[in-house]
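Dear colleague,

I am passing on the structure we spoke about, together with some notes on what was found in it. Please read the notes with the structure open beside them.

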Amino acid sequence: MRSIVIVHPQWHAHHGGHGHEHSFRTYEKVVRAVTAVSPLVEVTGPGCLVFPARGPSRYFGGEQAVVHMLHPLVAGVDAGPFGIGAAGSRFAAMAAAHMAAARSQPCIIDGSITQQFIDALPVGALHRLAEIPEDVVDLFLRLGLGTCGALSAIGEKALIERFGVDGRAVHRLVTGADTMLLDPGAPPPDIVRAVDFDAPLADSRHVVGAARACIEDAVAAVSRTGRQCVRILVTCETDHAETNERIWVEPRGFSAPSVAQRLSWQLEGWLTAAGEQDDPPGAVTSGVVRVVVTPLECRVLLADQPMLWGGRQQNAERASRAVSLAVAAAPGVSVSVPQWNGGRDASGEYARIPVDMVDLHDESAAQERVRAGRGVPRDWRGALPAPSPTVVHPDPPAVRVSDAHGVDVSVTGRHELSADPAHVTVGRHGFTVMRHAGPWPVEERWWDHVRRRRLARVQVLVREDRTGLERVLLLGLENGAWCLLARYD
Amino acid sequence: MVLPAGVRTAGVETAADLLARAGAHTALPVPAPLAPVLPMRGLERGRVHGVTGDAAASLVYALVAAASAEGAWCAFVDMPHAGLRAAHEHGVALERVVCIDTDRSLSWGRVVGALTDGIDIIVARDPVCTAAEARKVASRVKAQGAVLIVQGAVQSAQSFPLDVLFTARTQSWSFGACALERTVRVTAEGRRIPAARGVTVLLPSASGAVAGA
């Protein structure tokens, strides 16, 4: 089936500096530009998308016309190198697109020469472009089968006999058949799940939360048949009948949270488009009222059976299941995961984000989430030195800080203490100050009259009057009032 | 064939040998300076541990750190005050941490019980439950092979059938340009520990993690 592929070979290298998720989010711009030509595109990963050539080429008058229309559209979004390829199968189109990226002009392989084009491809392309395992490709090379043409010559029977499922996939690829159907036709209705909202939802987080049960239901419906979904169509509809549909691919198989994550990426690009420009094409005018989840392609679960003693992936699955059980056990439970946020505050450095927004199974994304220094590189000068406080008060209680004469201590405009603190009172407990350090000043957003913040922090080593225990406290002075920011328990 | 007591045959192991070997697998690792204080030199699966004292928060992070770094999942239940940066400095892998806030009602036991199904270490602060519910949670922890660490005042922890109770008391702080390190006496007592054991550690040391004193 004729397909058109657009690849940005260096997308992840250019935009992946802030993680897999960031490069997916930024890629949404390209996807949106392409949807002007073909409404339904399949995002294989950041930097690669596929759509069937038939519809658009009939509408715009030939593949040549479609490709020439796409070229300026895609070039206008991102300055990085990209290639557009069209050919008789997805694999061939993918190879053509990579070739086009290298030559920086579109590459259209005519139907009559698609087979010759595939025959000339090196077998390494099977691994790079089509998910054939590296060791299989390596074995082909050692057997002296260097090109796809040599593989198609040895025949389907021999390939399946020796390589099983992989052999069948290889045979389909090298003969120009598709391993995945781009336009799958009507899926069986019993695994399609839809959810209608009572009121239009304009915030992507609300939509993801409301569609969660529906997604879990769809994934469960597939897994009941002993299979796992690897390609899924997610359709959103607004109150004004605007629709946004996208096909997502996950070769490892979709779990409910990973589908929810794709939905959130899809919505973020779409719902926030309204705020970016005055009148972007395809901007929404209302909230989402309907989400439909259609599993398109399923694979037998057998190929991905877990290890006997459980690997990390399995631990993550168990953990994620336990968390959903805990949420179901009681209505008032909220679950969050840490995310590095940066900041000078002991409480703000790691934010807690709702677990609905992340995929607990995705280990690399999780590591990315908590890695210090992710996101925009900034210099957090004035941050406290390690070791960090172990107990941080999100809602700091007020304290009284006085010097040796019982006079309240303050901080001057140059961030100096007016006197050495000698006594601290927290509620009914009195503490005698033995040593102090600081102040560490925080001046944030001094240009903004509303959100500006001026805070001085002092670390004190105190002896509790009642018990005689030594403690270290972190005190803060903001707007003339002292508070207990954190403790080193 | 009955082997006379004390006779060892090559390749034949006694049940006690097997048990001792299996024990090594059922305990989650802890940082080396803390190992002497624990009966199995690690956090034994299926047991309820209590942590109290004025340095309890640091001790909890230190106990969890090694297992977390090796792939165990942790849940912090009702700990909105947890200093996550300090946890990170102790070596806790934050990518495998979930923070759970219950509404502190009677459903607490059900929430923690559900977590034992897949979370390896559950840290709960000041639990709200009856003694009967606590026993139920403890038996579920045992059945699932999870580790429950209850942090808080001894009074609230007493309703729990604790297997080990750790007490962490500050001895002194070393304070230079800022707070640097602290000497803490960690003691453990409990049903499975014949005589109370103790160890003195730096908690935190200058690097933020636990170190031998």
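This is a predicted model: local features need pLDDT of at least 70, side-chain atom pairs count only at pLDDT 80 or more; totals for chains, interfaces and linings use all residues.

N479(A) lies in the loop between β17 (470–478) and β18 (481–487) of chain A, and N479(A) has a positive phi of about 55° although it is not a glycine. A241(A) is found in the loop between β7 (227–238) and β8 (243–249) of chain A, and A241(A) counts as exposed because it has 9 C-beta neighbours inside 10 Å. In chain B, the peptide bond from L203(B) to P204(B) is cis, with omega near -5°, and P204(B) belongs to the loop between β10 (193–202) and β11 (211–212) of that chain.

Turning to chain B as a whole, the chain has six helices and 11 strands, and 52% of its 213 residues count as buried. Among contacts in chain B between residues at least 6 apart in sequence, 66% join residues at least 24 apart.

The largest nonpolar core has 112 residues, of which L59(B), C74(B), I121(B), I122(B) and V123(B) touch the most other members. Helix α2 (residues 56–69) of chain B gives the most to this core, with 11 residues. Domain 3 (321–327 + 335–370) and domain 4 (391–487) of chain A both give residues to this core, so the core lies between them. Leaving aside residues up to four places away in sequence, L59(B) touches V51(B), F166(B), A168(B), V186(B) and L203(B). A second, separate core of 86 residues includes A97(A), L129(A), V170(A) and A260(A).

Helix α4 (residues 108–115) and helix α5 (residues 131–144) of chain B pack at an angle of about 5°, with their axes 9 Å apart, which means that α4(B) is roughly parallel to α5(B). On the α4(B) side G109(B), V112(B) and G113(B) take part, and they meet E133(B), K136(B), V137(B) and R140(B) in α5(B). By class, this contact has two nonpolar, two polar and three charged residues. Eight of the eight residues of α4(B) are buried, so this helix is largely enclosed by the rest of the structure.

The contact between the chains takes 42 residues from chain B and 48 residues from chain A. On the side of chain B that touches chain A, the elements giving two or more residues are α2, α3 (84–90), β5 (97–101), α4 and β8 (164–175) of chain B, and the largest share, five residues, comes from β5(B). The residues of that side divide into 23 nonpolar, 11 polar and eight charged.

Finally, I118(A) is found in helix α6 (residues 114–119) of chain A, and I118(A) counts as buried because it has 25 C-beta neighbours inside 10 Å. Not counting residues up to four places away in sequence, I118(A) touches A92(A), C148(A), V174(A) and G176(A). I118(A) and T147(A) are 29 residues apart in sequence and, C-alpha to C-alpha, 8.6 Å apart in space.

With best wishes

Conventions
Residues are numbered from 1 along each chain as its sequence is written. Chains are lettered from A and ligands numbered from 1 in the order in which they are written. Helices (H or I, at least four residues) and strands (E, at least two) are DSSP runs, numbered from the N terminus. A residue is buried if 20 or more other C-beta atoms lie within 10 Å of its own, exposed if 12 or fewer, and partly exposed in between; C-beta atoms are placed from the backbone. Two residues are in contact if their C-beta atoms, placed from the backbone, lie within 7 Å. A nonpolar core is a set of buried Ala, Val, Leu, Ile, Met, Phe, Trp, Tyr and Cys residues joined through C-beta atoms within 7 Å. Domain bounds come from an automatic or database domain assignment. Axes are lines fitted to C-alpha atoms, for helices over the stretch in contact, and angles run from 0 to 180 degrees between N-to-C directions. Angles under 35 degrees count as roughly parallel, over 145 as roughly antiparallel, 65 to 115 as roughly perpendicular and the rest as oblique. Ala, Val, Leu, Ile, Met, Phe, Trp, Tyr, Cys and Pro count as nonpolar, Asp, Glu, Lys and Arg as charged, and the others, Gly among them, as polar.
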